[in-house]
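User: I'd like to learn how to read a few features of a structure. Could you walk me through it?

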Amino acid sequence: MDEKNLGRLEYHKVLERLAGFAGSPLGRELALMLSPSTLLEQIRRWQSETTEGRELMRLDPGAEIGGWYDVRGQVRQARRGMVLEPEDLLAVGRTLSAVRRIKKFFLEKTDRYPLLAEISEGLGNFVDLERRITSSILPGGEVADGASPALAQIRRQLAGAQARVKARLEGFIRSAAYQKYLQDPIVTIRENRYVIPVKQEYRAQVPGIVHDQSASGATLFIEPMAVLEANNEVRRLQAAEKQEVNKILSDLSAAVSMVSGDILASLDALGRLDLAMAKARYSLSLDAWEPVIKPGAHLDIRGGRHPLLEGEVVPITVSLGHDFDTLVITGPNTGGKTVALKTIGLLVVMAQSGLHVPAEEGTVIGIFGRVFADIGDEQSIEQSLSTFSSHLTNIVGILKKAGEDSLVLLDELGAGTDPAEGSALAQAILDRLHSVGAKTVATTHYSELKNFAFERPRVENASVEFDTVTLRPTYRLLIGRPGRSNAFEIAARLGLEPDLVERSRQFMSANQLKAADLTVQLERARQEAQRDREEAARLLEEARRIEERHRSLEQDLAEKREALLAKAREKAESLVRGARREAEEMIRDLREKLSSEAAREREAGIRRARERLAAMEAGTRLKPRPEPHPGEIPDEVRPGEEVFIPRFNQKGYVVDPPEEGQVQVQVGIIRLTVPLTDLRRPGRSGAGAGSVQVAGIMAAKAREISTRLDLRGMTADEALAEVEKYLDDASLAGLPRVYIVHGKGTGALRAAVQGRLKNHRRVKSFRLGEVGEGGAGCTVVDLQ
């Protein structure tokens with residue numbers, strides 16, 4: 001696309017902000033060179049790379065994809081045969097470490113970030129070279145002792161030689177004979193040789209070579225003859241060390257040169273990854289999202305915001321290329337027409353550059369082969385193009401190049417000349433662009449262009465909203481409604497005298513004033529209707545939230561109710577299983593104790609006990625909540641009336657008249673309070689054939705059982721069996737106290753019965769009867 005047109009849209013400012021999010025010079029260079037593409041698949045891929053970058057920031061915020069340097073210059077120097085400095089080799093080594101780390105990260109995350117992982121495939125494998133450099137160059141840029149065996153040996157010898165020289169010189173300065181000759185008792189270095197500071201007047205007393213003197217001349221730095229050879233050895237070893245270091249650096253530089261092509265290719269891949277992450281960071285800062293990219297020259301921007309404006313930005317919603325191809329925007333100055341124009345253009349070129357756009361989800365942007373802009377007001381960045389000739393020069397170039405795949409943005413079309421001629425020329429220009437199929441957005445103040453939009457097919461009016469109450473622009477773009485310039489209102493707000501404003505109105509024709517007033521009234525009515533719609537939408541949304549919250553609470557209550565029922569059901573079944581196990585143990589004990597003569601009769605008794613336990617288990621097990629019973633719900637009931645309770649599958653009798661919808665019902669020996677709506681006429685019992693319920697068993701036992709058990713005439717074994725059965729039935733019937741008559745006799749039957757009662761689980765206490773209760777021939781038992 002033409003650089004001048006992109007400049008008029010201030011696209012370069014977008015690139016500068018994008019470059020600020022890059023983490024390397026390579027990424028910044030690529031960001032500043034980014035230009036829109038016209039290839040559908042390439043644009044979609046760029047957009048997907050940016051989206052993957054956003055996902056990487058969200059899912060792997062701690063990922064280490066930095067830590068590398070732009071070492072293209074160092075690599076090219078090595079390729080030319082130059083020896084790199086230790087600091088340069090260290091930068092290369094660290095970059096190779098980052099290459100290895102980043103390649104490993106994307107290799108492990110290929111499924112999550114496939115496109116970024118594909119870019120990372122361009123990263124080379126430099127493990128050996130990385131190890132050589134990092135082991136040879138220390139973090140401070142010094143060559144390590146272990147860089148080569150020869151260097152390690154030389155440095156050991158050098159350290160020993162230096163220590164010997166220092167020791168000899170330390171002997172000089174500690175000697176009483178020499179101390180008076182020294183300016184200071186120290187050992188220092190001059191010209192890379194160890195020396196001592198000697199007073200000028202004692203030069204002859206300290207034979208040696210003078211290497212330097214102080215600024216005042218009072219001190220001479222002399223290398224005593226006694227350490228001359230030792231210093232020579234130090235210098236020789238230092239030269240050997242330097243030569244070995246140069247050899248090591250040369251070898252490492254040659255190794256870098258051998259893989260220079262692969263390193264440069266890896267740097268290119270790192271730059272592309274950095275660009276993708278810069279686009280992701282820029283997207284996050286703009287609160288932008290990936291638009292839908294479709295073929296064809298069209299757009300549907302929803303809630304788009306200008307990417308360069310700070311603070312609270314009023315979004316615009318606009319479409320082009322669907323119902324209409326040309327959009328004419330009218331409205332007052334400072335109302336936002338130019339901003340809307342630039343927003344449309346910038347969002348298109350950003351999308352075609354692979355950048356997310358600051359717009360709402362569902363924004364669709366097609367592929368435009370060319371984007372032309374003639375925006376020449378004071379908001380232009382490069383230069384002022386406000387004169388008619390400058391506008392016309394740009395438009396002539398646009399008319400020569402525009403086609404059906406072009407987006408044309410024209411600001412203040414026809415301005416700068418006679419209004420009548422300017423409006424006529426503007427209509428002709430729009431007609432030409434419309435005829436070649438270009439997608440055009442133009443801003444204007446001319447009323448004739450509003451009529452042009454009304455009369456032409458696939459041409460639409462639009463306006464920037466102006467609040468007629470506050471006399472201020474709202475910056476909202478309204479499609480389908482022509483706007484007014486509101487010159488009189490703006491002039492009055494800016495301080496023009498009211499009589500001048502009124503005088504200005506008098507110069508307008510009656511029809512013009514009438515049309516203007518009608519437009520104002522329509523605009524006010526539209527704004528009121530819009531506010532009413534927004535309030536209705538807010539209330540509707542609030543009602544939906546309340547309804548959703550109610551449904552959620554209802555569902556939570558239902559789930560909690562079912563959970564409680566399931567827990568109660570499980571607990572009841574657990575109790576019954578425990579009782580059954582205990583009964584089985586009792587039956588086993590009975591079998592062992594029964595004599596062989598009564599085996600058949602005792603087995604029959606055991607079978608009956610098991611049947612009773614099965615009935616208890618079936619009656620106690622809680623069933624899932626039944627469906628509503630289809631029987632008739634009584635409107636009212638009277639005391640003594642028989643009713644059916646579907647919840648318990650039982651019949652009962654009304655005790656008292658209903659009070660506040662609640663009825664007391666007697667079911668066997670149990671009195672219940674239930675809602676009137678839970679009762680049914682007793683025509684249908686609702687109980688299945690053969691079903692046994694706990695309440696039914698308890699009611700039957702309460703009607704049949706006596707509080708007195710007579711064991712007289714029975715053997716001890718027979719009596720104990722009857723006692724067991726009787727105590728079970730009495731407990732089930734809810735009897736608090738019973739009387740067991742065993743007679744006086746020899747006392748054997750009484751002893752057997754009371755022996756059984758001592759540890760019985762259903763017995764709370766027992767005693768012999770008192771006068772009137774049977775005395776010693778009866779045992780009174782209190783049940784649990």
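User: What joins the side chains of Asp-374 and Asn-394?

Analyst: A polar contact is a pair of N or O atoms within 3.5 Å; within protein, one must be able to donate a hydrogen and the other to accept it, and residues adjacent in sequence count only if both atoms are side-chain atoms. Here the side chains of Asp-374 and Asn-394 make one at 3.0 Å. Bear in mind that this is a predicted model: local features need pLDDT of at least 70, side-chain atom pairs count only at pLDDT 80 or more, and totals for chains, interfaces and linings use all residues. Residues are numbered from 1 along each chain as its sequence is written, and side-chain values use heavy atoms, with hydrogens and water left out.

User: Is Asp-374 buried or exposed?

Analyst: Buried means under 20% relative accessible area, exposed over 50%, partly exposed in between (1.4 Å probe, protein chains only). Asp-374 has 1% relative accessibility, so it counts as buried. Asp-374 belongs to strand 10 (residues 370-374); strands (E, at least two residues) and helices (H or I, at least four) are DSSP runs, numbered from the N terminus. Contact means heavy atoms within 4.5 Å, and beyond four places in sequence Asp-374 touches residues including His-391, Ile-398 and Asp-411.

User: Which strands pair with strand 6?

Analyst: Two strands pair if DSSP finds at least two bridges between them. Strand 6 runs antiparallel to strand 7 (residues 316-320), with 4 bridges, and Gly-304 sits opposite Ile-316. Strand 9 (residues 364-365) is also antiparallel to strand 6, with 2 bridges; there Leu-299 faces Ile-365. Strand 6 (residues 299-304) is largely enclosed by the rest of the structure, because 5 of its 6 residues are buried.

User: Which residues of helix 23 are buried?

Analyst: An α-helix has 3.6 residues a turn, so residues three or four places apart point the same way. In helix 23 (residues 748-758), the buried ones are Leu-749, Val-753, Gln-754 and Leu-757. They lie on the same side of helix 23 because their arc around the axis is only 120°, taken from the directions from the helix axis to the C-beta atoms. Their packing partners are helix 22 (716-733), strand 20 (737-741), strand 21 (763-768) and strand 22 (778-783). Exposed Ala-748 and Lys-758 are on the face turned away.

User: What pLDDT does the protein average?

Analyst: pLDDT is the predictor's confidence in each residue, from 0 to 100. The average is 83, and 85% of the residues score at least 70. Residues 378-386 fall below 50, with 17 contacts beyond near neighbours in sequence. Where pLDDT is low, the predicted coordinates should not be read in detail.
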